[in-house]
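Some labels in a structure description rest on cut-offs.

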Amino acid sequence: MASFDRPARLLMANQFAINVGFYMLMPYLADHLAHDLGLAAWTVGLVLGVRNLSQQGMFLVGGTLADRYGCKPMILIGCTLRTVAFALLALAATLPALLVASALTGLAGALFNPAVRAYLAADAGEERRVEAFAAFNVFYQAGILIGPLAGLALLTWNFSVVCAVSAMIFAALAVLQARALPSLPPADRSGEPAWRAVAADWRTVAANRPFLLFTAAMTGSYVLGFQVYLALPLRARELFGERTGLVTGAVFAVSALAALWGQLKLTAWAKRSLSSGRAIAYGLVVMAAAFLPVLPGPYTGAVGLVAGVFALALCAALLAWGAALLYPFEMDTLVRLSDNRLIATYYGAYSTASGVAISLGNLAVGALFDTGVRWLPWATLAATGLVCAAMVARLHRSGHLTPAPAPVPVTG
């Protein structure tokens, strides 16, 4: 971390604090809505769904705004909106207020996420982008690890205290970055109407065939990574019934610790040994292999429970290592495919596509579990990872992931 410039260091610390503030609250929101406020299950789903929809649906808009008006303003506005949203969650007791707070929470993420990544890519430069995103992911995962533990400790008071502390974290981030984060100049659109500039930017993204193909190939990785929240807890429930809290918490801890331990080592090895395309493909293969240990085995009773817990932990670790291997090269590839233009817009479009894929993928995974065929969800997830790896490998071999440099104009 010390080897990077001050803006990159600040963005890494910023992402750590963002994740601590977010994850100390969000894992316990559903329980607060259902038990403290007594909302019906469908209402709880509505509130959580509004947050996801407002974030995933607005990523492209957030990225576009960052390119047009600058990354720093979007980061500041996003942190300020999170402050307001979490303060409102501390006070809200009616459905309209909860929906407003949930929508603001998602919108805040849609504003600062593309902006942070675009700023980091620009500050690190082409030579150090991969290392910057590797270090960034270490801080990202550390926040995921510490956030729920901090929230659990604060819940000894009540949920409003959790919300208040989360809001204070985001308020402090807004003030710190307003004072310490240098501004990056936005794209020059002098004299061009905003609607026309945005339409031109979106047409540019939509016409970038290598980017679209890469996005399609990578959506599966996000479906696989999300199974820490869906398929693995479902498997824990199969093993332990209602008493899954400790096992699920352990799975989250294993995932975060594996990423923290392996990220920089994997990135250093891959930079020495692999091209970007091969590193991404290998990471997808590792993520696919993660689901093989969870396939139903012959063991029953106490041995079956021990084997099941070990398989869950191994699956979580392999998912984390696969994602850690591919993530820095994935982010670097997006910048190269954008030709260093409209980076935040490209990140926003990519995140929106990933969010849609996660939603559709979760519906499909849930349907596979409902079939009652125990091996089918895990085999399908493994096959999905292998298909995505093959697609990325083919794009790499065909040169789609290494766009040709822009032609240099000839002067007389």
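Q: What makes a residue buried, partly exposed or exposed?
A: Buried means under 20% relative accessible area, exposed means over 50%, and partly exposed lies in between.

Q: Why does threonine 83 count as buried in this predicted model?
A: Its relative accessibility is 17%. The cut-off for buried is under 20%. Threonine 83 therefore counts as buried.

Q: Where does threonine 83 lie, and which residues does it touch?
A: Threonine 83 lies in helix H4. Leaving out residues up to four places away in sequence, it touches Ala167, Phe170 and Ala171.

Q: What makes the pair of threonine 83 and alanine 171 a polar contact?
A: A polar atom of the threonine 83 side chain lies 3.0 Å from the backbone nitrogen of alanine 171. The limit for such a pair is 3.5 Å.

Q: Why are H3 and H4 called oblique to each other?
A: The axes of H3 (residues 41-69) and H4 (residues 71-91) cross at roughly 140 degrees. Roughly antiparallel needs over 145, and roughly perpendicular runs from 65 to 115. H3 and H4 are therefore oblique. Their axes come within 7 Å.

Q: Which residues of H3 and H4 meet?
A: From H3 come Gln55, Gly62, Leu65, Ala66 and Tyr69. From H4 come Cys71, Pro73, Met74 and Arg82. Six residues of this contact are nonpolar, two are polar and one is charged.

Q: How do you know what confidence the predictor has in the chain?
A: The mean pLDDT is 88, and 93% of residues reach 70 or more. Over residues 406-412 the pLDDT is below 50. Beyond near neighbours in sequence, that stretch has one contact in the model.

Conventions:
Residues numbered from 1 in each chain as written. Predicted model: local features only at pLDDT ≥ 70, side-chain atom pairs only at ≥ 80, totals over all residues. Heavy atoms only, no water. Axes fitted to C-alpha atoms, helices over the stretch in contact; angles between N-to-C directions. Helix = DSSP H or I, 4+ residues; strand = E, 2+ residues; numbered from the N terminus. Parallel < 35°, antiparallel > 145°, perpendicular 65-115°, else oblique. Contact = heavy atoms within 4.5 Å. Nonpolar A, V, L, I, M, F, W, Y, C, P; charged D, E, K, R; others polar. Buried < 20%, exposed > 50% of the residue type's maximum accessible area, 1.4 Å probe, protein only. Polar contact = N/O pair within 3.5 Å; in protein donor to acceptor, adjacent residues only side chain to side chain. pLDDT = per-residue confidence, 0-100.
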